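User: Please examine the structure shown below and answer some questions on its charge pairs and pockets.

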Amino acid sequence: VNLSAGKVERTVTISVFPHDAIGITASDSHDQISPEIDANNQTDQLSNLFRLATQCATRKEYYQLYEDGWKDAERWLKEEEPGARKVER
């Protein structure tokens, strides 16, 4: 980010919902941190995330959501390591 020029060079979006599942397009796919879609059970995955976002849950559920988010961020960081992907500019 180059704040002195008043321009943002990169936008990274973070979502508890899979970007592809809900159509978040504010950033390129390599600039998105979110869970991967559970191909075996996408409906249950999204239902559970919406439930956690709109209803009370247990401490254990919130802790698991936090841990899952941490794993999503770690996966994204690994992809950001030099040589992990080709950067197109």
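User: Is R75 buried, partly exposed or exposed?
Analyst: The model is predicted: local features need pLDDT of at least 70, side-chain atom pairs count only at pLDDT 80 or more, and totals for chains, interfaces and linings use all residues. Residues are numbered from 1 along each chain as its sequence is written, and side-chain values use heavy atoms, with hydrogens and water left out. Buried means under 20% relative accessible area, exposed over 50%, and partly exposed in between (1.4 Å probe, protein chains only). R75 has 26% relative accessibility, so it counts as partly exposed.

User: Which residue in the loop between β2 and α2 pairs with R75?
Analyst: A salt bridge is a side-chain nitrogen of Lys or Arg within 4 Å of a carboxyl oxygen of Asp or Glu. R75 forms one with E36, and their closest N and O atoms are 3.5 Å apart. Helices (H or I, at least four residues) and strands (E, at least two) are DSSP runs, numbered from the N terminus. R75 is in helix α3, and its partner, 39 residues apart in the loop between β2 and α2, is E36.

User: How far apart in sequence are the parts tied together by R51 and E61?
Analyst: R51 and E61 form a salt bridge whose closest N and O atoms are 2.5 Å apart. R51 lies in helix α2 and E61 in helix α3, so the parts they tie together are separated in sequence by 10 residues.

User: Which element supplies the largest share of the lining of the largest pocket?
Analyst: A pocket is an open set of points on a 1 Å grid over the protein atoms alone, where a 1.4 Å probe fits, with protein on both sides within 12 Å along at least five of seven lines; lining residues have an atom within 4 Å of a point. The largest pocket has a volume of about 400 Å³, the volume being the space filled by probe spheres set on the points, which are joined across faces, edges and corners. Of its 19 lining residues, those closest to the centre include L65 and D72. The largest share of the lining, 9 residues, comes from α3.
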